[in-house]
Amino acid sequence: MTVHIGVVGTGMIGRDHIRRLTDVVAGAEVVAVTDVDAELAREAAAGVGARALPTGQDVIDDPGVDAVVVTSWGPTHAEYVLAAIAAGKYVFCEKPLATTAADCLRIVEAEQASGRRLVQVGFMRRYDVGYQEMKQALSGLGPVLLMHCAHRNPSVPTEYHSDMAIQDTAVHEIDIIRWLLDEEIATAQVVVPKQTTRKFEHLRDPQVMLFDTESGVRIDLEVFVNCQYGYDVRHETVCEAGAVRLPDPGLLHSWKQRFGAAFDTEFTEWVSSVQAGNLVGPTAWDGYAVAVTSDATVEARRTGKTVSVRLKDRPAFYGS
Ligand code: NAP
């Protein structure tokens with residue numbers, strides 16, 4: 001069965017996912033797209049023989065659309081994900097699931113009320129081979145004690161500010177830490193070390209985030225977004241009986257190069273799971289938990305204090 005897909009948002013990643021769904025993933029066809037920039041939507045639609053529709057709601061309501069991909073600007077995500085749930089359609093939402101934890105919770109509640117999983121969130125690192133091998137290796141190395149992580153970008157635009165290092169960048173590590181450890185982050189703290197001379201007035205760069213999990217694993221995460229030399233993601237997990245780190249892919253310049261294969265795997269699995277009627281990827285609960293942890297980390301940065309992460313109880317609907 002071919003899954004007929006509607007895409008809301010034909011910006012940079014929306015167009016990349018349209019290409020992926022058309023050229024890489026079997027069993028998918030992009031049939032409708034939209035963007036607030038109608039010309040951009042028309043161009044993206046013409047490239048794959050899809051229809052350009054006026055609004056996201058039109059795409060979601062279209063009877064020819066089986067499943068929706070939301071790749072618009074973050075603040076619009078909650079509205080479209082809730083509309084897709086109301087229409088009873090599967091929806092893949094790029095991160096963030098919503099820009100507030102309260103909106104993430106509304107999505108979690110609406111999905112539960114619908115009675116089945118419809119939402120998947122775009123935490124694509126879970127599909128990266130290096131992280132998958134790390135997760136497998138951890139099962140033979142005893143209790144995890146520490147994680148050392150780094151997220152370095154060559155540069156960011158001047159509108160990028162200190163909170164974005166958490167909300168836009170560190171959220172990927174927050175999700176992958178939870179996934180690797182199968183537990184939640186309990187506290188967050190942010191330390192500002194010696195700064196690069198290339199930082200902007202409104203950007204602390206680098207920042208070091210310190211997390212403790214519920215079981216006491218201590219994690220340090222360096223986020224350095226104007227490092228100049230390349231796109232460099234590092235992760236080492238230290239256990240009682242050994243340590244495991246991500247392989248070194250050599251010098252790369254962008255997240256598209258580093259995680260292109262992970263995006264391909266992510267969408268291949270999503271389309272198969274939509275066909276099977278059984279979503280298995282990152283859940284709306286993951287989107288909520290990451291939002292709450294991100295909020296606590298922002299508060300920690302602004303106050304200089306260690307801040308507790310306070311999640312609601314995880315509903316049985318999302319498994320243990
Ligand atoms: P982008 O290039 O700015 O694209 C977003 C597009 O959505 C723009 O064309 C924007 O139009 C459009 N848009 C805004 N409001 C809309 C609405 N109400 N209805 C339909 N379209 C609307 O941004 P991007 O880099 O593609 O990012 C899109 C999302 O993907 C963001 O949430 C981002 O965090 C996420 N993302 C995830 C990853 C990852 O690693 N997983 C990587 C990159 C991006 P205007 O420009 O005219 O506002």
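Predicted model: local features only at pLDDT ≥ 70, side-chain atom pairs only at ≥ 80, totals over all residues.
Local features need pLDDT of at least 70, side-chain atom pairs count only at pLDDT 80 or more, and totals for chains, interfaces and linings use all residues. Residues are numbered from 1 along each chain as its sequence is written, and side-chain values use heavy atoms, with hydrogens and water left out.

Student: How far apart do the C-alpha centres of domain 1 and domain 2 lie?
Tutor: Domain bounds come from an automatic or database domain assignment. Domain 1 is 3–125 + 260–283, and domain 2 is 126–253 + 289–318. Their C-alpha centres lie apart by 26 Å.

Student: What area is buried between domain 1 and domain 2?
Tutor: Buried area is the accessible area (1.4 Å probe) that two parts lose on being put together, summed over both. Carbon and sulfur atoms give 65% of it here. The total is about 1,800 Å².

Student: Which residues in domain 1 lose the most area to domain 2?
Tutor: Take the area buried on the side of domain 1. Three residues together make up 45% of it. They are K95, F123 and R125.

Student: Which residue forms a salt bridge with R125?
Tutor: The rule asks for a side-chain nitrogen of Lys or Arg within 4 Å of a carboxyl oxygen of Asp or Glu. Across the interface of domain 1 and domain 2 it finds 1 salt bridge. For R125, the closest N and O atoms are 2.7 Å apart, and the partner is E173.
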